[in-house]
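Please examine the structure shown below.

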There are 2 protein chains.
Amino acid sequence: MGFSAAEENYIKAIWKLQKDNTNVTTNALSEALKTKPASVTDMLKRLKDKNILNYLPYYGVQLNAEGQQAALLIIRRHRLWEYFLAEKLKFDWDAVHPLAEELEHINSPELTNRLDAYLGYPQIDPHGDPIPNIKGQMPVTTRIALADYALNQPAVVSGVLNQSSELLELLKHKKITIGATIEICRRFEFDGSLEIQLQDLPLITLSSYLAQNILVKPLQL
Amino acid sequence: MGFSAAEENYIKAIWKLQKDNTNVTTNALSEALKTKPASVTDMLKRLKDKNILNYLPYYGVQLNAEGQQAALLIIRRHRLWEYFLAEKLKFDWDAVHPLAEELEHINSPELTNRLDAYLGYPQIDPHGDPIPNIKGQMPVTTRIALADYALNQPAVVSGVLNQSSELLELLKHKKITIGATIEICRRFEFDGSLEIQLQDLPLITLSSYLAQNILVKPLQL
DNA sequence: CCAATAATTTAGATTTGTCTAAATTTTGAT
DNA sequence: ATCAAAATTTAGACAAATCTAAATTATTGG
């Protein structure tokens, strides 16, 4: 019933790549986990024996219900620790991820749930991602990429699509934080870049690629 | 410069068995770590190659200066996490040890030192053991076993000699906690048992063996 | 001081998780 | 539809950390 740290990393990676209901490929996992494809194949066979996923050789893999539940509980631990590190220990939001990668593997429901209570049952982590509850249920969030958001409609920054240190560094430089109010003033068709207003600061420009990685939700909702 | 979790457990075990400056034997380590003597020999050879201990085959082992420093930093992490679990997450003191055994292996000076600051630089953990500082220095404490303490001298309970769940369960039942005021009223020579007064509760009796495992310090000091 | 016992080490095997190199299967372009 | 390229799996090896069984070394009692 318990998984090793390596197994948990595979479970998490499969879950993340499984967004739509497509099969996850060996190469995609190899890329995500920085291991060789042959190693992925080995591990998939072992996880299949543990009955947490459907693996068809040459055709990829999908977590079954049990595997998804396991993934959500790992992600719950990860995001609760991220919240703790940022909120209580005052780590920068771009420093919490690697530490949470280690803390998440301590699998003690008692610890996780007490931490959750201590933190006040937070709903989103420092990157704006929802935190699954004790049953592994994810709060539903209606979020859309800033790149696809309407003109002249106030919105709230609610997350980012990846947490590379490069992205987080850029956001810090532009003073874009979770919870900030934002509005698109102009969209340039030529390169998809946006002119935006953040709080009441002067207008700034964001590249199309950056705007695709920033998630927002409508202000009034 | 980094050690695996298994290596850290050996380092910690050697440190604990090394109280006086005697050599630590293979069998003692095997007993403490619940592994076979052959496994201990293997690991000692590996740790010797890392230059953190003096290992003479058939004659036991001692940590060198570098090994002791490593041990103290592991113990620092362990005790800070114990303090966090008891103080912030409200775990019973007999539940914190196994969780701290896992948390201690996350070796991030930044994490450890921020945790230390967040907790207010505590000097002793929930079991009354001193917490090494950022340099690995242990606060000096003058503590003596209750069994060896003077009659009719008020003292403060300041620690326990081992943290088996059995001992902690017994202490909880007798309402003996770290910081409580205690005084020996009678000592029976026949079996070494003690009659003691705790705070202003009715007199109770402690076995000699129990009293050997409770550490106290003089009240006025 | 020497034999029996206790402690320790060596030798060889196992599990987990990884790798490289080779073989196999699928895919895609013509 | 076929064949080259890409993706994937298989085979065999390795390191870490453990084990069992056998060999070796130290200790101790008579």
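In this predicted model, the protein surface near DNA strand C comprises 10 nonpolar, seven polar and four charged residues. DNA strand C is surrounded by 21 residues, and the closest are Ser4(A), Ser39(A), Asn27(B), Thr41(B) and Tyr55(B). Of the atoms of DNA strand C that come within 4 Å of the protein, 74% belong to sugar and phosphate.

From chain A, a polar backbone atom of Lys36(A) lies 2.9 Å from a phosphate oxygen of DNA strand C. The elements giving two or more residues to the surface near DNA strand C are α1 (5–17) and α3 in chain A, together with α2 (26–33) and α3 in chain B.

Attention now turns to the other strand. Which residues are the closest to DNA strand D? Thr41(A), Tyr55(A), Ser4(B), Ser39(B) and Arg46(B) hold that position among the 21 residues that surround DNA strand D. The surface near DNA strand D is made up of 10 nonpolar, seven polar and four charged residues. At least two residues of this surface come from each of α2 (26–33) and α3 (37–49) of chain A, and from each of α1 (5–17) and α3 (37–49) of chain B.

Sugar or phosphate accounts for 72% of the atoms of DNA strand D within 4 Å of the protein, the rest belonging to bases. An N or O atom in the side chain of Arg46(B) is 2.6 Å from a phosphate oxygen of DNA strand D, while a polar backbone atom of Tyr58(A) is 2.9 Å from a phosphate oxygen of DNA strand D. A base oxygen of DNA strand D, in turn, is 3.4 Å from an N or O atom in the side chain of Asp42(B).

Together with Leu56(A) and Tyr59(A), Tyr58(A) makes a nonpolar surface patch of about 480 Å². Leu56(A) is part of strand β1 (residues 53–56) of chain A. Is Leu56(A) buried or exposed? Leu56(A) counts as exposed because its relative accessibility is 53%, and the threshold for that class is over 50%.

Key:
Residues are numbered from 1 along each chain as its sequence is written. Chains are lettered from A and ligands numbered from 1 in the order in which they are written. This is a predicted model: local features need pLDDT of at least 70, side-chain atom pairs count only at pLDDT 80 or more; totals for chains, interfaces and linings use all residues. Side-chain values use heavy atoms; hydrogens and water are left out. Patches are made of residues with over 30% relative accessible area and no salt bridge: like charges are joined within 9 Å, nonpolar side chains (Val, Leu, Ile, Met, Phe, Trp, Tyr) within 5 Å. Accessible areas come from the Shrake-Rupley method with a 1.4 Å probe; for residues, only the protein chains shown count as cover. A salt bridge is a side-chain nitrogen of Lys or Arg within 4 Å of a carboxyl oxygen of Asp or Glu. Helices (H or I, at least four residues) and strands (E, at least two) are DSSP runs, numbered from the N terminus. Buried means under 20% relative accessible area, exposed over 50%, partly exposed in between (1.4 Å probe, protein chains only). A residue is near a molecule or strand if one of its heavy atoms lies within 4 Å of it. A polar contact is a pair of N or O atoms within 3.5 Å; within protein, one must be able to donate a hydrogen and the other to accept it, and residues adjacent in sequence count only if both atoms are side-chain atoms. Ala, Val, Leu, Ile, Met, Phe, Trp, Tyr, Cys and Pro count as nonpolar, Asp, Glu, Lys and Arg as charged, and the others, Gly among them, as polar.
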